[in-house]
Amino acid sequence: MFNRKQLCLWVMLALSSLSAYADEGMWLPMLLKQLNEADMQKKGMRLSAEDIYSVNKSSLKDAIVQFGAGCTGEIISNQGLLLTNHHCGYGQIQSHSSVENDLLTNGFWAMTKDQEKPNPGLTATFIVRMEDVTKQILVDIPAGLSEAEREKRVQANIKKVQAQTTAGTHYDAIIRPFFYGNEYYMYVTETFKDIRLVGAPPESIGKFGGDTDNWMWPRHTGDFSLFRIYAGLDNKPAAYSPNNKPYVPKHHLPISLAGIQEGDFTMVFGFPGRTTEYLPSQAVREIAEISDPAKVKIRTVKLGILDQDMKADPRVRIQYAAKYASVSNAHKKWIGEMRGLRKLNAIAKKQELERQFANWVAQETGRKATYSQVMPQFEQNYATLAKGITLARDYFNEAVLGVELLNYAQSYLNLAASLQGTPETKSDAQEQIDKLSKGAAGFFKNYNLPTDKKVFTALLQLYVNDLEAQFQPEVLQTLTKQYKGNWAAYADYVYANTNLASEEKVQSLLKLSPTQLQAKLLADPAVQLLNGFATVYRTKVLPTYTALNDQNTLLNRTYLQGLREMQKDRKFYPDANLTLRVSYGQVDTYKPADGVTYDYYTTLEGIIEKEDPIIPDYKVPAKLKELYQKKDYGQYGMNGQMPVAFIASNHTTGGNSGSPVINARGELIGTNFDRNWEGTMSDIMYDPDRVRNISMDARYFLFIVDKFAGAGHLVKEMTLVNNGPQAAAPLQGRANTKIKVKQEKNKKKLKVKAD
């Protein structure tokens, strides 16, 4: 019999379990009909699953692209106009910038198609169709194989299925594991390679708030850039040519001018990168207490050096703008993730689920045989990793390879190995040399030796101080004695004597005969140092890490299989793996701390309030202030205000940057660009009360393009609609979700009191 305290706790757990999955999940588009359509329509969606994903007719999926290697974009005109985030297009904007023509600072707008700028290497990839290929991939793979042997057979089967699927077509096929390899899905893709820069706001708009506001809410960032997809005369992918024509898409998203209200249905369609929602408690502890703290410490030091040098020299600022943003983004995310996991008590919640799992296993003999060793083996494996292996791996990746010279030296260490090796590898060496020679100009364009030397000095000192002696390479131990801890003096020696710190030296090096080149590389101090670190990593870290990671992959596969058996009524979604997904939720407020509630939208007024000419992150362009003072918002403002950004409860992660936020009618209402800091732990555990995705309001994007930039010709390409509030028209099953949830909670509270 429950006492009152136990009963209250049980009720809270029951209520939290009901809401925990309310807006959680990154769902496979092809499975929406059977898993999500009814729930989405209950929340207010007016579309069918077929409207979102179809292989028989044009659908929303035909307007979504994977932009480059790690972002999402959406097609917003019938002339291939592509909208994504400013930070997703940042590298391309930077590549077209110089001190004399600083597009990062000033922005860029192509007033004619002839002015649009090509971007070699940039791609936009559409999904043609999805297919469950689990049976084909696992057809001849018996139980009991080692993870390495299993993976070898899986990869062979993947290649076979890919070849059969794409034969005679211009398509590609990507096959990825889901649920740790319990299932496999294939994405047939079409990739366009002629992508041109059309427009980008100045940094003072596209990065307003900068690192200060990154991962934070309230937010006032116009985080967008515009590109255009070009195709051959047959509307199919083609290499860059001035004769190419703007791509005519199967579908483009209409843009809503009606705006958003609290409780409105929202859907994010994109390519989320990586989540690990089903990790055991031991893995969460490793992340929260070992890995994240180490990486944050290293990046804090590196960011301090980059920031100082970028502020001192405009040339260095342009060179390192994209690098700094990349380093800073993960750094701040990890800090928020640690805080969020602690506040959510994530480890204890994982342990409670594991106790339930153990009890379920104990109930049946057959389950014991399959699942009884899963948790004990997890415990043993993570205990081994905690004995310096995880830390050494993170320090190699963050501290050693965080030095640009040592990271760059990896290719030259590989070249030296090829020149030393068999006749086959020696023949491959010339291809490596040609590639390094071609790539040198691009590397050194964005490289500043004095800055990197400071990073080298600081990060090597961290490595020496923080890692046990067994992970210190012999060359480092020798140098410690030789230089008596004066790492600045050692840095002076390395950077003065390496052949890898300037383009001129590199090109001269690569022109040597194979014998001379090999000798030079083996004597190069940067290559020697990297080789020392790499040898320790390869012999003392990687074998143990790889073996345990393989075991943990198998354990995760088994554990997740067991959870799906145990929780038969739960709808499981696979972890993100950079494949096309749908997440859905609603526009919503949240409480980040006691006594604080954040509203769901921001306006231009907030930008003016934040303005501070002394702080680079809060500079406001004169033209934007003028438009604000005149309230010259055109058709994009509402009630005398200019909306800028909004939040919703959609489950997103890296890779969702640039994803469209779509309303109940399939119209674009915003572009996703961030998450709130309090919700960054959602890659590991979702909390419906605090996880919010942050999006730029589509109306602010239109306002900047039209009124600020004077590029109204681009707006004329788009399809603008104003169908009024989402809830204005009658909807079958439509109800205010928040009100219904509150009503249900009140009923349960009353029942508890009555009992």
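How do the axes of helix α16 (residues 404-420) and helix α21 (residues 503-510) cross, and within what distance do they come? In this model the two axes come within 14 Å and cross at roughly 10°, which makes α16 roughly parallel to α21. The model is predicted, so local features need pLDDT of at least 70 and side-chain atom pairs count only at pLDDT 80 or more, whereas totals for chains, interfaces and linings use all residues. Residues are numbered from 1 along each chain as its sequence is written, and side-chain values use heavy atoms, with hydrogens and water left out.

**Terms for helix pairs**

- Helices (H or I, at least four residues) are DSSP runs numbered from the N terminus, and their axes are lines fitted to C-alpha atoms over the stretch in contact, with angles running from 0 to 180 degrees between N-to-C directions.
- Angles under 35 degrees count as roughly parallel, over 145 as roughly antiparallel, 65 to 115 as roughly perpendicular and the rest as oblique.

**Helices α16 and α21**

- The contact (heavy atoms within 4.5 Å) is made by Tyr408, Tyr412 and Leu415 of α16 together with Val506, Leu509 and Leu510 of α21.

**Helices α11 and α13**

- Helix α11 (residues 281-312) and helix α13 (residues 346-362) have axes that come within 9 Å and cross at roughly 170°, which makes α11 roughly antiparallel to α13.
- On the α11 side the contact is made by Ser281, Gln282, Val284, Arg285 and Glu289, and on the α13 side by Ala346, Ile347, Lys350, Gln351 and Glu354.

**Helices α19 and α20**

- Helix α19 (residues 474-483) packs with helix α20 (residues 487-497) at an angle of about 115°, their axes being 9 Å apart, and that makes α19 roughly perpendicular to α20.
- Leu476, Leu479, Thr480 and Tyr483 of α19 make the contact with Trp487, Ala489, Tyr490 and Tyr493 of α20.

**The two sides of helix α25**

- In helix α25 (residues 622-630), Leu624, Leu627 and Tyr628 are buried, where buried means under 20% relative accessible area, exposed over 50%, and partly exposed in between (1.4 Å probe, protein chains only).
- Just after α25, Lys631 takes a positive phi of about 55°.
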